[in-house]
Amino acid sequence: MTVQRRGISKTPESSAIEKKIKRGNAQRQASSWRGKVITLLLLTGVTGLVSWMYFTWADDFTHTLVSRGEILTQPRVFTVECSEDYKKYKFFPGCTPSKCGRAITDSVVTLEEAQKLRRLAERGLSLAGSDGGASILDLHSGALSMGKQFVNIYRYFKNELRDVFTEDDFELYRDVRSRIQKVIAETFGLDSKQMYLTKPTFFSRINSTSAKTTHDEYWHPHIDKETYGSFDYTSLLYLSDYGLEFGGGRFVFMDPSSNRTVEPRAGRVSFFSSGSENLHRVEKVTWGTRYAITVSFTCDPDYAIDNPSLPVGSTRLKETDE
């Protein structure tokens, strides 16, 4: 998910994106047509044939990479051929993607840690929130959704922060971010010291409220490297469970032959190289609330950002001292 989606300009550089999106639309139109055929066959009583055709088509066009009910003790890795995108940017040995793909793991962040991070997000986002269905909280820049715009929590809510966050919150956030960076480096054979955190890196809260601005339209197909040139690796840490706490909201890789989905699970980390080999979108949330953290990495030190820290004087007092 990204904070904002803009229309893709019709330039030579964007032609590959348009082709992939058109291909995805054609697949969905074909899926709709197949649904009509299935209905017709049902009306004629060809039940056995319908069942065979339905499951064959479903496998061809939508594949679940990992379901919410599974628990992965080791990363499940899917290698894909790298796109040409990275050749447009400066090459950084030991970091610039040469082995591309996507991976999912449940062993980097514990359920307890995910629950703590979710409570952090809930407290921060309770200060404001978008009028639409998608709100963000960026602890690095301080950006927080408020109505149809954003405010800086470190300025706008300076006095209230002592009642919202603790040093332990920020320490956990930094530690988890470091572990995600490490597993990405290990999976793709990188030097983690050559990877840098980059913006935007943020908490997200999505519900079924209708979009009010383009900032709320999280569901459009996109390529992170095209949207944010600094991105080389993207990761998502899920803080809530698909099918239990929200409906819809699955992460979808849009490949030429099929859509491949990841079902969120609290504590699950999904990560991938950020080029057009990983065109993706997020399904619209239909009910409940989906929480996640997007953590992004660059190979270019010029686009590096620091870990967030609680401003001096904003540390919350212990309950025994209040």
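This is a guided tour of one predicted protein model, moving from the whole chain to single residues.

**Before selecting anything**

Because the model is predicted, local features are given where pLDDT is at least 70 and side-chain atom pairs count only at pLDDT 80 or more, whereas totals for chains, interfaces and linings use all residues. Residues are numbered from 1 along each chain as its sequence is written, and side-chain values use heavy atoms, with hydrogens and water left out.

**The whole chain**

Start by colouring the protein by secondary structure, which comes to six helices and 16 strands; these are DSSP runs numbered from the N terminus, a helix being H or I over at least four residues and a strand being E over at least two. Of the 322 residues, 50% are buried, where buried means under 20% relative accessible area, exposed means over 50% and partly exposed lies in between, for a 1.4 Å probe and protein chains only. Contact here means heavy atoms within 4.5 Å, and among the contacts with a separation of 6 or more, 79% come from residues 24 or more positions apart.

**The four-stranded sheet**

Next, select β1, β12, β11 and β14, which in that order form an open sheet with mixed pairing. Two strands count as paired if DSSP finds at least two bridges between them. At the edges are β1, residues 62-66, and β14, residues 280-282, each of which pairs on one side only. Direction ignored, neighbouring strands of this sheet are turned by 25 degrees against each other on average. Now zoom in on β11, residues 251-254, which runs antiparallel to β14 and is joined to that strand by three bridges; within this pairing, F251 stands opposite V282 in β14.

**A hairpin**

Move to residues 143-147, strand β6, and residues 149-152, strand β7, which pair in the antiparallel sense over four bridges. The two strands form a hairpin with one residue between them, and across it M146 stands opposite Q149 in β7.

**Two disulfides**

Show the cysteine side chains next, taking a disulfide to be a pair of cysteine sulfur atoms within 2.5 Å, a rule that gives a count of two. In one of them, C82 and C100 are joined with their sulfur atoms 2.0 Å apart, and with 105 degrees about the S-S bond this link is right-handed. C82 sits in the loop between β2 (76-80) and β3 (100-105) while C100 is in strand β3, so that the pair links distant parts of the chain, 18 residues apart. C100 is buried, at a relative accessible area of 1%.

The other disulfide is formed by C95 and C299, with sulfur atoms 2.0 Å apart, and because the torsion about its S-S bond is about -80 degrees, it is left-handed. As C95 lies in the loop between β2 and β3 and C299 in the segment after β16 (290-298), this pair ties together parts that are 204 residues apart in sequence. C95 is buried at a relative accessible area of 1%, and C299 is likewise buried, at 2%. Counting bonded cysteines along the chain, the disulfides follow the pattern 1-3, 2-4.

**Two crossing helices**

Two packed helices are described by the angle between their axes and the distance between the axes. Select helix α3, residues 111-125, and helix α5, residues 167-188, whose axes come within 10 Å and cross at roughly 125 degrees. The axes are lines fitted to C-alpha atoms, for helices over the stretch in contact, with angles running from 0 to 180 degrees between N-to-C directions. The helices α3 and α5 are therefore oblique to each other, given that angles under 35 degrees count as roughly parallel, over 145 as roughly antiparallel, 65 to 115 as roughly perpendicular and the rest as oblique. Where they meet, display E113, K116, L117, L120 and R123 in α3 together with D169, L172, Y173, V176 and R179 in α5.

Select S230, in the loop between α6 (224-227) and β9 (233-238), which is buried with a relative accessible area of 11%. Not counting residues up to four places away in sequence, S230 touches T198, K199, K225, F297, T298 and Y303.

Lastly, go to G248 in strand β10, residues 246-248, a residue that is buried with a relative accessible area of 16%. Its C-alpha atom is separated by 5.6 Å from that of E283, 35 residues apart along the chain. Leaving aside neighbours within four places in sequence, G248 is in contact with Y242, E283, K284, V285 and T286.
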